[in-house]
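Take a look at the structure below. Which pockets does it have, and what shows on its surface?

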Amino acid sequence: MAAGSTIDALGQFELTPVLGTLGESLHFSQSPLFMLIAVVLVLSFLYIGMRPAAVVPGRLQAAAELGYDFVHDLAVSTIGEKGTAFFPFIFALFFFILTGNYLGLIPFCFTYTSHIAVTLALAVGVFLLSIVVALRHQGIGFFKHFLPAGVPIGLAPLIVPIEIISFLSRPISLSIRLFANMVAGHVLFEVFASFTIMLAGLGVVGQVIAIAPIVFNIALMALELLVGLLQAYVFAILTCIYLREAVEH
């Protein structure tokens with residue numbers, strides 16, 4: 001928020017205890033609180049949406065079916081026939097990230113995907129799952145991927161370390177991409193909102209000029225709706241790609 005003539009754009013990401021003394025004693029901050037809210041929202045959306053099971057679906061049922069079909073097609077078309085087994089995981093991951101991205105666009109709510117600890121935990125989970133799946137389906141043959149077929153054995157001391165570093169960098173790139181996009185959007189929101197407050201305090205002329213950052217924030221809201229969806233999609237499809245590589249021989 002604007003404090004005098006300064007703008008504290010990063011203060012919104014600070015974690016503070018919630019739920020009073022109980023939250024303080026448990027070190028329960030707004031981040032896990034909004035994770036729980038996201039889980040409840042997604043489960044409620046699916047339950048209420050699918051409960052009618054009507055032949056001609058209403059809007060909520062149509063939205064729930066659209067979300068189901070979208071993620072199912074994403075998993076099966078990317079991973080292949082074995083993608084059905086991973087569909088529940090991909091579905092939960094996609095909607096958990098999407099809801100986290102969108103919750104932060106509501107006043108007084110918190111975007112837990114703007115914290116690197118959260119996105120890194122999700123990315124490491126995907127990374128470890130892909131290794132377990134690869135070892136289960138390929139056994140020790142999984143390690144052959146670090147020396148691509150056709151590469152002369154003499155280049156192995158150069159190629160193998162590069163492939164290992166590239167493989168180990170996956171959770172880092174996956175987590176930073178989501179974290180950075182969410183942080184950047186909310187910082188811009190804060191900056192433009194602070195400009196509005198600061199300009200409004202400069203009299204009539206300032207109040208007229210203050211309309212400009214308000215317009216920017218409205219346009220930014222539309223952009224963030226798109227970015228939130230795209231980042232959830234990118235995280236989900238990269239997860240599918242990693243799992244496809246794990247199940248392929």
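Here is a short tour of the pockets, one surface patch and a couple of residues.

This is a predicted model, where local features need pLDDT of at least 70 and side-chain atom pairs count only at pLDDT 80 or more, while totals for chains, interfaces and linings use all residues. Residues are numbered from 1 along each chain as its sequence is written, and side-chain values use heavy atoms, with hydrogens and water left out.

Let's start with the pockets. A pocket here is an open set of points on a 1 Å grid over the protein atoms alone, where a 1.4 Å probe fits, with protein on both sides within 12 Å along at least five of seven lines; lining residues have an atom within 4 Å of a point. The volume is the space filled by probe spheres set on the points, which are joined across faces, edges and corners.

| Pocket | Volume | Lining by class |
|---|---|---|
| Largest | about 700 Å³ | 14 nonpolar, eight polar, two charged |

The largest pocket, at about 700 Å³, is lined by 24 residues, and Q12, G104, P107, F108 and E190 sit closest to its centre. Two elements give two or more residues to this lining: helix 7 (170-200) and helix 9 (211-247). Helix 7 gives the most, with six residues. Helices are DSSP runs (H or I, at least four residues), numbered from the N terminus.

I116, L120, V124, L128, I172 and I176 make a nonpolar patch of about 470 Å² (residues with over 30% relative accessible area and no salt bridge, nonpolar side chains joined within 5 Å). Four of the patch residues come from helix 5, the largest share. L120, in helix 5, counts as partly exposed because its relative accessibility is 36%, between the limits of 20% and 50%.

Elsewhere, A53 is in the loop between helix 2 (30-50) and helix 3 (59-79). A53 counts as exposed because its relative accessibility is 57%.

How values were computed:
Nonpolar A, V, L, I, M, F, W, Y, C, P; charged D, E, K, R; others polar. Patch = residues over 30% accessible without salt bridge, like charges linked within 9 Å, V, L, I, M, F, W, Y side chains within 5 Å. Areas by Shrake-Rupley, 256 points an atom, 1.4 Å probe, with all protein chains shown as cover. Salt bridge = Lys/Arg side-chain N within 4 Å of Asp/Glu carboxyl O. Buried < 20%, exposed > 50% of the residue type's maximum accessible area, 1.4 Å probe, protein only.
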